[in-house]
Amino acid sequence: DYAILGNHEFDFGYDRLRDVLSNAKFKVLCADIFDDGKTIYDATAIWKKGSLRIGFVGLSTPETQTKATPKITEGLTFVATDELYDVAQKAVDSLQKKTDVVICLTHLGIYDESIGNRSIDVMNHVTGIDMMVDGHSHTVMTEGPNGETIQSTGTKFENIGIIVIDNKTKTIENHYLLALDDIETADQTLLDKAQEVKDRVDALYASPFAQSKVFLPGDK
């Protein structure tokens, strides 16, 4: 129902990203990337089922500015550290009186190189987040290094993250990861579609587009 932006979503530029997501059948959330002073997507959303109200906040890594080609994010402002905490707190505060549970969807990770902008940093500076669902660092965890309520499923569909919310108490009852190691079957329609795309890419890569008159060594 809801998705957030990772750094790789910008690999082909912001305009292309907007074009692709214009066809999305889900809502994109982003509280911390701005274009001309406004968030590029809604910062929050509220999901309702019966009397239960769940608030969602989306946060994306400011490292996108350096992990994607800077040219393709020109004009966008990615807030970091204290500003990141401020926008996150503002978004959470806007949901707390309207919802029973607040879940923060993040692509921040816990890399040491990201200190100040990690999911654990946000959790330690922002109050009111009941659970954080994280990505970026490909970490497999059901809590942060100091017991923070952060869950992350790893990478390449290693796990499905489960969060169980009790409808009566309107609180998080349990959360865990479901490993997909034993799944041996795949959807043939999806495999065929992937192969079709791969064949097109392979054909393009196999076509000469230039020729060098001098030897270009590839050894590092």
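View 1. Leu 178 is partly exposed, with a relative accessible area of 43%, where buried stands for under 20% relative accessible area, exposed for over 50% and partly exposed for the range in between (1.4 Å probe, protein chains only). The residue belongs to strand E13, which covers residues 171-179; helices (H or I, at least four residues) and strands (E, at least two) are DSSP runs numbered from the N terminus. Together with Phe 157, Ile 160 and Tyr 176, Leu 178 makes up a nonpolar patch on the surface with about 400 Å² of accessible area. Patches consist of residues with over 30% relative accessible area and no salt bridge, like charges being joined within 9 Å and nonpolar side chains (Val, Leu, Ile, Met, Phe, Trp, Tyr) within 5 Å, and the accessible areas come from the Shrake-Rupley method with a 1.4 Å probe, for residues with only the protein chains shown as cover. This is a predicted model, in which local features need pLDDT of at least 70 and side-chain atom pairs count only at pLDDT 80 or more, whereas totals for chains, interfaces and linings use all residues. Residues are numbered from 1 along each chain as its sequence is written, and side-chain values use heavy atoms, with hydrogens and water left out.

**View 2. The protein chain as a whole, for orientation.** The secondary structure of the protein chain comprises five helices and 13 strands, and its C-alpha atoms fill a box of roughly 70 × 45 × 35 Å along the principal axes. Of the 220 residues of the protein chain, 37% count as buried.

**View 3. The aromatic pair of Tyr 2 and Phe 56.** The structure holds three aromatic pairs, a pair being rings of Phe, Tyr and Trp (its six-membered ring) whose centres lie within 6.5 Å, with planes under 30 degrees apart counted as stacked, over 60 as edge-to-face and the rest as tilted. The ring centres of Tyr 2 and Phe 56 are 4.9 Å apart and their planes stand at 35°, so this pair is tilted. Because Tyr 2 lies in strand E1 (residues 2-3) and Phe 56 in strand E6 (residues 52-60), the pair ties together parts that are 54 residues apart in sequence. Tyr 2 counts as partly exposed at 22% relative accessibility, whereas Phe 56 is buried, with a relative accessible area of 12%.

**View 4. The aromatic pair of Phe 10 and Phe 78.** Phe 10 and Phe 78 form an edge-to-face aromatic pair, with 5.9 Å from centre to centre and 65° between the planes. The pair links distant parts of the chain, 68 residues apart, with Phe 10 in the loop between E1 and helix H1 (14-21) and Phe 78 in strand E7 (residues 76-78). Phe 10 is buried at a relative accessible area of 0%, and Phe 78 is likewise buried, at 7%. Phe 10, Tyr 14 and Phe 78 form one aromatic cluster.

View 5. A search of the whole structure finds nine salt bridges, each defined as a side-chain nitrogen of Lys or Arg within 4 Å of a carboxyl oxygen of Asp or Glu. In helix H5, Arg 200 and Glu 196 lie four residues apart, about one turn of the helix, and form a salt bridge whose closest N and O atoms are 3.7 Å apart. Lys 198 and Asp 202 form a salt bridge with closest N and O atoms 2.9 Å apart; being four residues apart in helix H5, Lys 198 and Asp 202 are separated by about one helical turn. Elsewhere, the side chains of Lys 67 and Glu 63 meet in a salt bridge at 3.3 Å, N to O, and a network of salt bridges links Glu 63, Lys 67 and Glu 113. Lys 67 is partly exposed, with a relative accessible area of 36%, but Glu 63 is buried, with 10%.
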